[in-house]
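Please look over the sequence and the model below before reading on. The paragraphs that follow take up the backbone, and then the aromatic rings.

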Amino acid sequence: MENKAIGLDKGWDYMQKGITKLKRILEGLPEPPFTSEEYMMLYTTIYNMCTQKPPHDHSQQLYDKYREAFEEYITSTVLPSLREKHDEFMLRELVKRWANHKVMVRWLSRFFHYLDRYFIARRSLPTLNEVGLTCFRDLVCY
């Protein structure tokens, strides 16, 4: 029995739900923690989307969307929260946002782990960890 290929839009929609849940957790909104089943389904979705035969291998698009997920979160949530504060309140917010960002990088790197181990390693691209941390530096600190 052959599995049907997961299209980029369908797979990314599923990943987006997991990313949204993670953002809600980081923002302190009511959201239950990830269950092991949810975690495995997110990881498996990425794995499946990266191991499909061409033209259904979406590794490069997922790598790009990983970066875009951070850019969107930083520009829509982190930067506005920093801009509305001043002096030591802004610094406290920056420290909180940096801590949250590192948690987000850790979780998303786990969801996208297969991409890191195979696609990125073969192409000598920046690791997912580097991409996530660089997004914060480039968008918040410059």
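In which helix does D87 lie? In this predicted model, D87 lies in helix α4, which covers residues 87–111. Its phi is near 55°, a positive value in a residue other than glycine, and D87 counts as exposed because its relative accessibility is 61%, where the cut-off is over 50%. For S124, phi is likewise near 55°, but S124 is found in the loop between α5 (113–123) and α6 (128–140); with a relative accessibility of 68%, S124 counts as exposed. Another backbone feature is the cis peptide bond that joins P54 and P55, with omega about 5°, and P55 has its place in the loop between α2 (36–51) and α3 (59–83).

Turning to the rings, a search of the whole structure finds 12 aromatic pairs. Among them, F34 and W107 have ring centres 5.3 Å apart and planes at 25°, so this pair is stacked. Because F34 lies in the loop between α1 (8–26) and α2 while W107 lies in helix α4, the pair ties together parts that are 73 residues apart in sequence. F34 counts as buried at 15% relative accessibility, whereas W107, at 23%, counts as partly exposed. Y47 and Y114 form an edge-to-face pair, 4.8 Å centre to centre with 80° between the planes, and this pair links helix α2 with helix α5 across 67 residues.

Elsewhere, ring pairs link W12, Y66, F70 and F112 into a cluster.

Notes:
Residues numbered from 1 in each chain as written. Predicted model: local features only at pLDDT ≥ 70, side-chain atom pairs only at ≥ 80, totals over all residues. Heavy atoms only, no water. Helix = DSSP H or I, 4+ residues; strand = E, 2+ residues; numbered from the N terminus. Buried < 20%, exposed > 50% of the residue type's maximum accessible area, 1.4 Å probe, protein only. Phe/Tyr/Trp six-rings, centres within 6.5 Å; stacked < 30°, edge-to-face > 60°.
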